[in-house]
Amino acid sequence: MATNNPTDPTDPTDPTDTGADVRGRLGTGISTGISTGVSDWQDRVLELARSLHAHPETSFQETGSAAAITELLAAGGFTVEHGTGGLPTAFTATAGSGELTVALCVEYDALPEIGHACGHNLIAGASVAAALALAPYADELGITLKAIGTPAEEHGGGKTLLLEAGAFDGVGLALMVHPVQDGIGHNPAGSTSQAVGRYRAVFRGRAAHAAAAPHQGVNAADAATLSQVAVGLLRQQLPGDQRVALFVSEGGAATNIIPERTAVDFECRAFTLPEYETLLERVRRCFEGAALATGTELTVEATEPLYEPLVQDEALAGFWTAAMASFGRDVTSGGRLAGGSTDMGNISRVIPSLHPWLSIPGADAPIHSHAFAAVADTPVAYDMMFEAARALARTVADAAVDTEHRRRFVAAAHRRDGGEEAVTR
């Protein structure tokens, strides 16, 4: 809340001098304080990140992870709300009461069977360490700092559900960081992610005895097979940066029964929404053709919210790269990911956001592999996690004290109007 205290950076009596005043009073002190703060919490955050890795929990099942994270944030002075947006494993931890609301997104879900092969233990550690380091300076910076626990990034679109539920209302900028293999650039400016939509195609036929009366059956398994063949042939004609993946999730019950129901789970990815819509239509026709050829009935339904492409805020990217450059990192452009998707994209379409890629030195394993899960629990990965925490915190501080951009972020606070998103860009 703004006051008339002349030392309060949110003093409404002279808003044009807000950022300059804070920068002038703090100088490099805020950077030193943040760095010291990360160091002060390092042992406990490291313990947290290692525990998350050792006890992976999949989408919407992250009970222990959410409890451990919120316990640490509460110890750092945050007021914690559990079950944000009606999601039991979501949370919002708040410190400060400034006019500019900042969200640090905390991810902590793991992948089925291969655990933290996307490094969400590192994502959680970086955001939590940054939040704990920033909390003592929140009022001085004129920010309301929120660490928002966002479950189900891998599958389920937790951020999209939280956005729709109002968890990001009033937020003027949102940040997080994502670890990747070595060789991916540290400069996020202009980088993006793919839109992804996930669906289930269900074929319904008619059961019959596979030996006594197969001609009386309508084979739904044949439809599933034909759809896979059709999609496989389609791939030759797809642009190189588009992706389709699928598998048969239901394929029949017994060898002596003509399968009457099969299901194929599939996903489509493209770097722009128009390209995604075109791709989805082409893939849908593969399933429709299989249904027509076999005489089965087809239904196609979305199984998760659509993940939209990332939009990196240029100013936030600049603050981030300045911090990473000060650590001696190469921040020249280049080394982009060839693919991948995140529900942070949905946040970035309505709130100025930053989602940089954090390259782990020496890591040659791709994400979503057993090998990368092992990398995510190594000393070098944790060193990078704390470096990212310092860069995230410095990015927030720079955004808060920069007069021009602070004004823009305050104006961009997310609002919902009758269920529709309205943002001042």
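Which side chain meets that of Glu387 in a salt bridge? The partner is Arg329, with a separation of 2.7 Å from N to O; a salt bridge here is a side-chain nitrogen of Lys or Arg within 4 Å of a carboxyl oxygen of Asp or Glu.

The model is predicted, so local features need pLDDT of at least 70 and side-chain atom pairs count only at pLDDT 80 or more, while totals for chains, interfaces and linings use all residues. Residues are numbered from 1 along each chain as its sequence is written, and side-chain values use heavy atoms, with hydrogens and water left out.

**First stop: Glu387 and Arg329**

Select both residues. Glu387 lies in helix H13 (residues 379–401) and Arg329 in the loop between helix H10 (314–326) and helix H11 (344–348), so the pair ties together parts that are 58 residues apart in sequence. Helices (H or I, at least four residues) and strands (E, at least two) are DSSP runs, numbered from the N terminus. Glu387 is buried, at 14% relative accessible area, whereas Arg329 is partly exposed, at 27%. Buried means under 20% relative accessible area, exposed over 50%, and partly exposed in between (1.4 Å probe, protein chains only).

**Second stop: helix H7**

Next, select residues 158–165, which form helix H7. Its buried residues are Gly158, Lys159, Thr160, Leu162 and Leu163. Just after H7, Gly166 has a positive phi of about 95 degrees. Lys159 is buried at 0% relative accessibility, and Glu107 is buried at 0%.

Move to strand E4 (residues 143–149), where Lys146 is found. Lys146 is buried but has no salt bridge; Glu81, the nearest side chain of opposite charge, is 7.7 Å away. For charge, Lys and Arg count as positive and Asp and Glu as negative, while His and the chain ends are not counted. Beyond its neighbours within four places in sequence, the contacts of Lys146 (heavy atoms within 4.5 Å) include Thr92, Thr101, Leu104 and Asp169.

Strand E7 (195–204), strand E8 (243–250) and strand E9 (261–270) are the elements that give two or more residues to the lining.

**Last stop: Cys268 and Cys286**

Finally, select these two cysteines. The sulfur of Cys268 is 9.3 Å from the closest cysteine sulfur, in Cys286, which is too far for a bond. A disulfide is a pair of cysteine sulfur atoms within 2.5 Å, and the count comes to zero disulfides. Cys268 is buried at 0% relative accessible area, and Cys286 is buried at 11%.
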